[in-house]
Amino acid sequence: MNKTSFAYRVYDLYVDGFRSMRLGKTLWKIILIKLFIIFVILKLFFFPNFLKNNAKGGDKAGYVSKEMIQRAD
């Protein structure tokens, strides 16, 4: 990559910024742990796969269209 290109300068800015961080690294770790909890743990326990449980024979599109038609009437 050319060292005068915009992409290289942006990359170098971020690398240099993260290298000199102390508190920032800890905060980023906390943010990543919270995101993991939100998207993985909560999804497993509180948001089950509704279509998998209710669509008979794996016909998810048919189930959704039937439900939409019934609720529109």
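Tutor: Let's start with a term: a salt bridge is a side-chain nitrogen of Lys or Arg within 4 Å of a carboxyl oxygen of Asp or Glu. What we have here is a predicted model, where local features need pLDDT of at least 70 and side-chain atom pairs count only at pLDDT 80 or more, while totals for chains, interfaces and linings use all residues. Residues are numbered from 1 along each chain as its sequence is written, and side-chain values use heavy atoms, with hydrogens and water left out.

Student: How many salt bridges does a search of the whole structure find?

Tutor: One of them joins the side chains of aspartate 16 and arginine 19. Another joins those of glutamate 67 and arginine 71, at 3.5 Å from N to O. The search of the whole structure comes to two.

Student: Is glutamate 67 buried or exposed?

Tutor: Buried means under 20% relative accessible area, exposed over 50%, and partly exposed in between (1.4 Å probe, protein chains only). Glutamate 67 has 18%, so glutamate 67 counts as buried.

Student: What pattern does the chain follow along the sequence?

Tutor: Its secondary structure comes to four helices and zero strands. Read along the sequence, that gives α-α-α-α.

Student: What is the radius of gyration of the chain?

Tutor: This value is taken over C-alpha atoms, and the globule rule is 2.2 Å times the number of residues to the power 0.38. For 73 residues the rule gives 11 Å, and the chain is well over that, so it is more spread out than a compact globule. The C-alpha trace spans about 60 × 30 × 25 Å along its principal axes. The radius of gyration is 23 Å.

Student: Which residues is lysine 25 in contact with, leaving aside its neighbours within four places in sequence?

Tutor: Lysine 25 has its place in helix α2 (residues 23–46). At 40% relative accessibility, lysine 25 counts as partly exposed. Contact means heavy atoms within 4.5 Å. With those neighbours set aside, lysine 25 is in contact with Phe18 and Arg19.

Key. Helices (H or I, at least four residues) and strands (E, at least two) are DSSP runs, numbered from the N terminus.
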